[in-house]
Amino acid sequence: MRARVFVTLKPSVFDPQGRTIADALHSLGYASVADVRQGKYFELDLATTEVATAKQLAAEVADKVLANPVIESYRVEVVAEPTAPVGAELAPPGGRS
Amino acid sequence: MKFGVVVFPGSNCDEDALRAARDVFGQDAEYIWHKDTDLKGADVVVLPGGFAHGDYLRTGAMARFSPIMAGVRAHAERGGPVIGICNGFQILLESGLLPGAMLRNRGLKYRCEHVYLRVEQIDTPFTCAAKQGAVLRIPIGHGEGNYYAPPDVLERIVKNRQVVLRYTDPKGRVDEDWNPNGSVSGIAGICSEARNVVGLMPHPERACEALLGGEDGRVIFESVLEWFRSAEAVALQPVRSATLQASDR
């Protein structure tokens, strides 16, 4: 199984990078981008076929290492072995050169 | 008295710390590699500045798992003095030896300059030779020194008098314009509940010689020397009274 872990600063914690990115987007004319929060993304390849086990394992390592619970929260998604690299759906039409 | 300066891969203020302890203050001082497991008899442990383990994941996040940290934790739990400077402070936060966490500087810039600090507490091993309210001019150099603690934790550390140093203006007044990184409540340094573990973002080891632009950092080192002198004096007391009692009989 593959687990995807998304780590972001808690909503109560100011994110200076996200704010700066939002300001940059506003200066480019994207007024409708109300706010940006920057975070981290992890892919874990797990030697298990059980969704529940995979979720539990990913949450455990997120708690212990990937996120700092003082300032960050995380979200876990578990997917079967992807055929295309994760993130490919983010590539612009025609793919990246 | 012996200083142990822990060296992580990526530490870069270890030499400055060793030089201050050994050459400026004439103390025994030794490097301790992060993969070592014992502190080589160090009385004071210094976690120096730098970029331990490349600051991968988060500043200090990987260093927390270095083998030496078990020894540092045990030393701290015995009441031994531990000081974390800059990256060392970040490591203490990630290890849970001090409360809170670091965020990117408010202005996103790496700040490398002299700042003014007010000494808030003088009952720690690293500030006991300072005057309450003294203003120190000491350099900083960091990109992630924006100290954060959730409201309940902040309330607790303020109530327990764990805020040891605050960023101020040159006259010692807390002023957001003189806060270089956006730290909550202007916090530049804190101590543990037991007060023997201290973390600070500014670099006292870079401010111990006039040639380097100032000597205000000396008081941090002088404090720990003073702290051991008074501890020795206290330790001698019971011995003396025991001797007296023995001779009385």
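In chain B of this predicted model, strand β9 (residues 163-168) pairs with β6(B) in the antiparallel sense over 4 bridges. β6(B), which covers residues 111-119, also pairs with strand β7(B). Chain A holds an open sheet of 3 strands, and helix α2(A) lies across its strands β1, β2 and β3. The contact between the chains draws 10 residues from chain B and 7 residues from chain A.

**Strand pairing in chain B**

- The pairing of β6(B) with β7 (residues 135-142) of chain B is antiparallel and runs over 8 bridges.
- L117(B) has L136(B) as its bridge partner in β7(B).

**The sheet of chain A**

- The strand order is β2-β1-β3, and the pairing is antiparallel.
- β2 (39-45) and β3 (72-79) of chain A are at the edges; each has a single partner strand, so one side of each lacks a neighbour in the sheet.
- From one strand to the next, the twist averages 20°.
- β1(A), residues 2-9, pairs with β3(A) in the antiparallel sense over 8 bridges.
- V7(A) has Y74(A), in β3(A), as its bridge partner.
- The helix lying across β1, β2 and β3 of chain A is α2, made up of residues 51-66.
- α2(A) runs at about 155° to β3(A).

**P99 of chain B**

- P99(B) sits in the loop that lies between α3 (87-95) and β5 (101-103) of chain B.
- Is P99(B) buried or exposed? With 20 other C-beta atoms within 10 Å, P99(B) is buried, because the cut-off for a buried residue is 20 or more such atoms.
- Setting aside neighbours within four places in sequence, P99(B) is in contact with A149(B), V153(B) and I157(B).
- P99(B) and C191(B) are 92 residues apart in sequence, while their C-alpha atoms are 8.8 Å apart in space.

**Contact between the chains**

- Chain A contributes 7 residues to the contact, and chain B contributes 10 residues.
- On the side of chain B that touches chain A, the residues divide into 5 nonpolar, 4 charged and 1 polar.
- The size of an interface is often expressed as the accessible area lost when the parts come together.

Note on methods: Residues are numbered from 1 along each chain as its sequence is written. Chains are lettered from A and ligands numbered from 1 in the order in which they are written. This is a predicted model: local features need pLDDT of at least 70, side-chain atom pairs count only at pLDDT 80 or more; totals for chains, interfaces and linings use all residues. Two strands pair if DSSP finds at least two bridges between them. Helices (H or I, at least four residues) and strands (E, at least two) are DSSP runs, numbered from the N terminus. Axes are lines fitted to C-alpha atoms, for helices over the stretch in contact, and angles run from 0 to 180 degrees between N-to-C directions. Two residues are in contact if their C-beta atoms, placed from the backbone, lie within 7 Å. Ala, Val, Leu, Ile, Met, Phe, Trp, Tyr, Cys and Pro count as nonpolar, Asp, Glu, Lys and Arg as charged, and the others, Gly among them, as polar. A residue is buried if 20 or more other C-beta atoms lie within 10 Å of its own, exposed if 12 or fewer, and partly exposed in between; C-beta atoms are placed from the backbone.
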